[in-house]
Amino acid sequence: MKSTALRMVTALVLAGVSSIAMAQYPNKPIRMVVPFPAGGTTDIMARAMAAELQKSFGQAVIVENKSGAGGNIGSDFVAKSAPDGYTLLMGTVGTHAINVSLYPKMPYDAVKDFAPVSLVAAVPNVLAAAPSFPVNSVKDLIDAAKKDPNKITFASSGSGTSIHLSGELFKQLAGVQMTHVPYKGSSAALPDLMSGQVDVMFDNAPSVMPHIKGGKLKAIAVTSTKRSPALPNVPTIAEAGLPAFEASSWFGVLAPAGTPKDIVDKLSQAIVKSLQTAEIKDRLASQGADAVGNSPEQFTAHIKSEIDKWAKVVKASGAKVD
């Protein structure tokens with residue numbers, strides 16, 4: 001009886017300590033891991049959210065880039081971090097929907113090893129090219145690719161990314177051949193795209209918007225089902241001739257599995273609240289992104305549905321990464 005009572009008292013004390021810790025959360029800096037190089041869309045989203053969380057909590061939110069293996073290295077780092085709310089991940093459609101079908105061996109389980117916090121933004125990819133590239137429409141690109149198979153090159157931020165698979169899906173639906181040129185992140189690919197060393201790229205809107213506005217790149221089409229408010233005069237690939245085409249990216253915050261629900265909910269509520277402000281909505285919209293914000297449960301369901309969707313695209317494209 002005494003041992004039972006002692007266990008009960010111990011459990012109550014630990015629960016009390018845990019509750020106090022959660023009530024005080026956060027009481028030290030938070031680290032947000034970006035599993036891709038600095039300068040790309042994932043990095044842009046992470047820094048926007050880090051600034052908002054810092055405002056909400058009054059604690060520093062430090063963005064740390066841990067790139068490699070299509071986002072798997074940084075994502076695995078977070079999956080294996082302490083589930084205390086102080087190490088977060090800016091996950092993507094790649095790290096949590098595509099890679100599971102792309103890599104024969106994954107270091108983490110995209111569903112079981114994470115506690116989804118909130119979807120942050122949905123982002124169309126933009127089919128972009130240098131102003132000097134003599135193609136101005138989807139039809140022009142298809143015609144050029146059919147005239148000289150594999151001569152047209154398309155860059156990506158890495159094999160197996162949504163940027164790469166957008167190109168593979170385009171090839172499949174258009175019935176053309178183009179040569180894939182993978183880079184280590186969008187920031188590495190864009191200089192070669194702007195200089196004309198590669199022909200086109202299906203890049204995330206936030207990465208290319210500044211260059212489109214600056215006249216260094218031209219937007220040929222967007223990959224979403226609807227036109228982007230940031231590029232209202234640019235057609236979707238679907239309306240430009242490939243009606244079945246749709247390949248958008250998304251970004252969201254996740255914590256390691258086992259993170260206390262109270263902490264996950266507190267983070268989710270702060271993110272959702274920030275995404276409802278005109279300031280952050282306008283900031284993301286100017287870069288071609290749509291602010292979302294949802295509950296942990298809704299984000300979990302979204303990840304599961306996206307895994308199923310992209311498994312079909314990966315299988316149809318034949319894309320694999322060793």
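This is a predicted model: local features need pLDDT of at least 70, side-chain atom pairs count only at pLDDT 80 or more; totals for chains, interfaces and linings use all residues.
How are α6 and α11 oriented to each other?

1. Start with the two helices. Two packed helices are described by the angle between their axes and the distance between the axes. Here, helix α6 covers residues 162-174 and helix α11 covers residues 296-317, and their axes come within 10 Å and cross at roughly 60°. α6 and α11 are therefore oblique to each other. If you want the hand as well, the crossing of α6 and α11 is left-handed.

2. Now zoom in on who touches whom. From α6, the contact uses Leu165, Glu168 and Gln172, while α11 brings Trp310, Val314, Ala316 and Ser317.

3. Next, have a look at tyrosine 108. You'll find tyrosine 108 in the loop between α4 (93-102) and β4 (114-129). Is tyrosine 108 buried or exposed? With a relative accessible area of 5%, and with buried meaning under 20%, tyrosine 108 is buried.

4. What surrounds that side chain? Setting aside neighbours within four places in sequence, tyrosine 108 is in contact with Asn72, Ser75, Asp76, Ala79, Thr95, Asn99, Asp113 and Phe114. For threonine 95 there is a detail to check on screen: its backbone oxygen lies 2.8 Å from a polar atom of the tyrosine 108 side chain. As for serine 274, it is 166 residues from tyrosine 108 in sequence and 30 Å away in space, going C-alpha to C-alpha.

5. Proline 26 sits in the loop between α1 (2-24) and β1 (30-34).

6. Then there is alanine 69. It isn't a glycine, yet alanine 69 has a positive phi of about 55°. Its place is the loop between β2 (61-65) and α3 (72-79). Alanine 69 has a relative accessible area of 40%, so it counts as partly exposed.

7. Where does asparagine 150 lie? Look in the loop between α5 (138-147) and β5 (153-156). The phi of asparagine 150 is near 70°, which is positive, and this residue is not a glycine. Asparagine 150 is at 39% relative accessibility and so counts as partly exposed.

Technical notes. Residues are numbered from 1 along each chain as its sequence is written. Side-chain values use heavy atoms; hydrogens and water are left out. Axes are lines fitted to C-alpha atoms, for helices over the stretch in contact, and angles run from 0 to 180 degrees between N-to-C directions. Helices (H or I, at least four residues) and strands (E, at least two) are DSSP runs, numbered from the N terminus. Angles under 35 degrees count as roughly parallel, over 145 as roughly antiparallel, 65 to 115 as roughly perpendicular and the rest as oblique. A crossing is left-handed if the near helix is turned anticlockwise from the far one by less than a right angle, and right-handed if clockwise. Contact means heavy atoms within 4.5 Å. Buried means under 20% relative accessible area, exposed over 50%, partly exposed in between (1.4 Å probe, protein chains only). A polar contact is a pair of N or O atoms within 3.5 Å; within protein, one must be able to donate a hydrogen and the other to accept it, and residues adjacent in sequence count only if both atoms are side-chain atoms.
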